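Subject: The structure for you to look at

Hello,

Here is the structure I promised to pass on. Please open it next to this email and follow along as you read.

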Amino acid sequence: MTDTPQHALDGILDILREAVEGGQPGQGTAFLDGTNADGTGNHGLLATLDALSAEQASRDIHGATVAGQARHTAFHMEVVVRWQQGERGPFDWQGSFQPAQVTPEEWDALRARVRAAYAGLVAFVNTQRDQPVTGDATGGLSGAVSHVAYHLGAIRQLVKALG
């Protein structure tokens, strides 16, 4: 029996999954601190956002808020899919951080938007498995991973500043 090689997109999706969902409990990770076997210590984007209240997410720290960073991250994942489908903008990158403050209801909706944007990106990538692997596909997905990881780091630094 021979092992089937991993699809080129799967390795990139694994890194995106770690950035957004965190590490698999008790398993090694590529770049985040590992999630404990009992599920605690998850440092992925979703767990990080879920640990915050709307008030915490709205607190301005040096001109940035977690809510603004989360909104922009969701927007970027949405745009990656739109771009791959042929839509070339223009896109309101500056405006994608606004509003930077949220009510509890808006915070719930924003976290749901992040989840939906991530699910939409993964679903789109999964539709590309039968297509030729191109630099556009791998580059777009790699860019999405890098962007999510960058903003996860920014969010985690803001969380540290929240105390």
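First, the ground rules. This is a predicted model, in which local features need pLDDT of at least 70 and side-chain atom pairs count only at pLDDT 80 or more, while totals for chains, interfaces and linings use all residues. Residues are numbered from 1 along each chain as its sequence is written, and side-chain values use heavy atoms, with hydrogens and water left out.

**Helix packing**

Two packed helices are described by the angle between their axes and the distance between the axes. Helices here are DSSP runs (H or I, at least four residues; strands are E, at least two), numbered from the N terminus. The axes are lines fitted to C-alpha atoms, for helices over the stretch in contact, and the angles between N-to-C directions run from 0 to 180 degrees.

Start with α4 (66-84) and α6 (135-162). Their axes come within 10 Å and cross at roughly 175 degrees. The pair α4 and α6 is therefore roughly antiparallel (angles over 145 degrees; under 35 is roughly parallel, 65 to 115 roughly perpendicular and the rest oblique). On the α4 side, the residues that meet α6 include V66, H72, H76 and Q84. Among their partners in α6 are D136, A137, H147 and V159. Contact means heavy atoms within 4.5 Å. By class, this contact of α4 with α6 has 11 nonpolar, nine polar and one charged residues. For these classes, Ala, Val, Leu, Ile, Met, Phe, Trp, Tyr, Cys and Pro count as nonpolar, Asp, Glu, Lys and Arg as charged, and the others, Gly among them, as polar.

The other pair to look at is α1 and α5, which pack at an angle of about 170 degrees with their axes 11 Å apart. That makes α1 roughly antiparallel to α5. From α1, the contact uses L9, L13, L16, R17, V20 and E21, and from α5 it uses Y118, L121, V122, V125 and N126. Eight nonpolar, one polar and two charged residues make up the contact of α1 with α5.

**The largest pocket**

Rolling a probe the size of a water molecule over the atoms shows where empty space is left. A pocket is an open set of points on a 1 Å grid over the protein atoms alone, where a 1.4 Å probe fits, with protein on both sides within 12 Å along at least five of seven lines; lining residues have an atom within 4 Å of a point. The largest pocket holds about 190 Å³ of space. Its lining has 14 residues, and L9, Q84, F124, Q128 and A137 are the closest to its centre. At least two lining residues come from each of α4, α5 (104-127) and α6. The lining divides into nine nonpolar, five polar and no charged residues.

**Some single residues**

Leaving aside residues up to four places away in sequence, H72 is in contact with W93, S96, F97, H147 and H151. With that exclusion, H76 touches W93, G143, A144 and H147.

L46 lies in helix α2 and counts as buried at 13% relative accessibility. Beyond its neighbours within four places in sequence, L46 is in contact with V20, V114 and R115.

**In the loops**

G23 sits in the loop between α1 (8-21) and α2 (45-50), and G23 is buried at 8% relative accessibility. Not counting residues up to four places away in sequence, G23 touches E18, T29 and T35.

Most residues other than glycine have a negative phi, and most peptide bonds are trans. H62, in the loop between α3 (54-58) and α4, has a positive phi near 55 degrees. H62 is exposed, with a relative accessible area of 83%.

Where are the cis peptide bonds? One joins G89 and P90, with omega about 10 degrees, and another joins Q98 and P99, with omega about -5 degrees. P90 lies in the loop between α4 and α5, and P99 is found in the loop between α4 and α5 as well.

Methods: Grid points are joined across faces, edges and corners, and a volume is the space filled by probe spheres set on the points. Buried means under 20% relative accessible area, exposed over 50%, partly exposed in between (1.4 Å probe, protein chains only).
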